Amino acid sequence: MAATAMDHDGGDMVTPGELLGNSLTLVAGRGAYTEGRSVRASVTGHRRIVPPAPGSDDQRSTVEVVGHKAHGAVPQPGSIVIARITKVMARMASADIMCVDSKAIKEKFTGMIRQQDVRATEIDKVDMYQSYRPGDIVRAVVLSLGDARAYYLSTAKNELGVVSAQSIAGGTLVPISWTEMQCDLTGQIEQRKVAKVE
Amino acid sequence: MESRRPPPSPLVDSYVVPGDVVLDLSEMTNQTIKLGTGLRQECDTIQATSAGMLRLSKPNKYWVESSQKRYIPSVEDTVLGIVVDTKPDNFVVDIKGPNLAFLPVLAFEGGTRRNIPKFEIGTLIYARVVKANSIMNPELSCMDVTGKAAEFGELKGGYVFDSSTGMSRMLLSSPTCPVLEALGKKLSFEIAVGLNGRVWVNAPAADTVILVSNAIMRSESLSGIKQRAMVENLLERLS
């Protein structure tokens with residue numbers, strides 16, 4: 001079998017379901033799971049044993065399955081994502097997630113920003129039209145896996161919100177405060193929930 | 001505030017077409033100009049984006065008045081809508097605009113979860129536009145600003161027909177437009193005009209409704225005198 005381009009620690013190639021060891025001697029790590037007394041692989045890759053952390057109670061080694069072809073980034077609760085707003089409605093906005101933790105994604109994920117997650121203060125007085133417009137690029141944090149259709153995102157922090165946007169006249173919007181951006185062609189001010197960029 | 005007034009645009013009260021430069025801003029400094037519908041700022045000039053008559057409301061509000069069959073929702077317009085669907089929180093109402101409008105089930109005087117009105121599909125509603133912008137569905141309300149029902153709500157019976165938006169504004173203008181004045185002298189009827197290009201007429205007798213509707217439909221391009229003459233003509237045929 002040809003070795004993959006990813007680096008791996010020499011272990012054997014394993015496939016999902018293959019028995020890696022006994023749960024009395026091994027802890028299931030990344031890419032593995034415990035079933036009764038056995039530890040089995042859940043993905044295709046190479047087996048790697050990680051020695052136990054010194055001073056921890058559990059003296060069993062951890063077995064991991066590494067080196068499988070990366071599936072691309074998957075949003076997890078707490079990760080920072082960059083998304084493009086696709087639809088703005090009265091109580092929520094939909095967005096297409098484009099990057100997760102500065103890694104571009106390979107499959108399409110949809111996120112949803114609810115009215116109460118737009119900002120931290122006065123959440124019942126949020127006007128979605130003055131926070132986002134379709135086409136805006138926003139930085140948000142993933143709150144949870146959400147429902148079958150979309151992840152729940154939040155921009156309720158200073159550094160989260162609209163990062164880049166186009167004005168009605170077609171020019172680029174430049175942030176001037178956390179609620180306003182100005183068009184560089186016409187000077188018109190538009191309202192957005194702006195991210196504070198350091 | 002500048003003590004010197006900005007010179008009004010030379011095109012005020014004349015017809016403009018899209019692309020006409022209405023104002024050149026490079027000569028003005030520190031002025032505030034308010035733009036209504038049909039105008040857009042292009043770097044240093046204000047240009048018209050729709051065809052119609054340019055109007056100025058002193059001191060500094062400009063807009064283009066045009067008449068179309070299609071309605072673009074704007075806030076505080078009173079419109080006639082037809083219910084097309086009911087959802088748990090809203091009625092979905094067609095107001096002849098690019099999007100369907102939502103009428104919250106609680107947006108009625110004294111509205112609570114227990115006394116939600118039962119509107120069937122096809123009900124005609126007179127309502128007020130509360131929220132309207134280019135990206136979201138407009139939101140309506142059957143209450144006025146103070147929370148009273150005013151005359152909003154369901155309109156029963158009568159006859160509905162379409163008009164252009166300019167015609168609706170003419171029917172609602174004050175002093176009363178000539179055709180309505182002439183009709184009102186001889187006939188008794190009730191009428192509701194939606195700024196979205198819909199008119200509702202109701203009267204006890206069917207031939208009154210037909211006469212009033214026909215008179216209104218024919219009066220769009222007629223001057224005041226011609227409107228009165230046309231109404232006289234129609235009334236003679238009736239009696």
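Chain A has a mean pLDDT of 87, with 93% of its residues at 70 or more; pLDDT is the predictor's confidence in each residue, from 0 to 100. This is a predicted model, in which local features need pLDDT of at least 70 and side-chain atom pairs count only at pLDDT 80 or more, while totals for chains, interfaces and linings use all residues. Residues are numbered from 1 along each chain as its sequence is written, chains are lettered from A and ligands numbered from 1 in the order in which they are written, and side-chain values use heavy atoms, with hydrogens and water left out.

**Confidence**

- In residues 1–8 of chain A the pLDDT is below 50, and this stretch has 8 contacts in the model beyond near neighbours in sequence (contact means heavy atoms within 4.5 Å).
- Where pLDDT is low, the predicted coordinates should not be read in detail.
- For chain B the mean pLDDT is 89, and 97% of its residues reach 70 or more.
- Within chain B, confidence is lowest in strand S4 (residues 39–42), with a mean of 83, and highest in strand S16 (residues 198–202), at 96.
- Helices (H or I, at least four residues) and strands (E, at least two) are DSSP runs, numbered from the N terminus.
- The model scores are ipTM 0.74 and pTM 0.76.

**Annotated spans**

- UniProt positions follow the numbering used here, feature names are shortened, and annotations may be inferred rather than shown by experiment.
- An unreviewed UniProt entry gives "domain: Exosome complex component N-terminal" for residues 13–50 of chain A; this span is 61% strand and 0% helix, with its end C-alpha atoms 16 Å apart.
- Residues 102–145 of chain A carry the UniProt feature "domain: Exosome complex component CSL4 C-terminal" (unreviewed entry); they are 45% strand and 0% helix, and their end C-alpha atoms lie 19 Å apart.
- In chain B, the UniProt annotation "domain: K Homology" (unreviewed entry) covers residues 158–205, a span with 33% helix and 29% strand whose end C-alpha atoms are 10 Å apart.

**Contact between the chains**

- Chain A brings 12 residues to the contact and chain B brings 7 residues.
- About 810 Å² is buried between chain A and chain B, 61% of it on carbon and sulfur atoms (buried area is the accessible area, with a 1.4 Å probe, that two parts lose on being put together, summed over both).
- A:Val88, A:Tyr129 and A:Thr186 supply 48% of the area that chain A buries against chain B, more than any other three residues.
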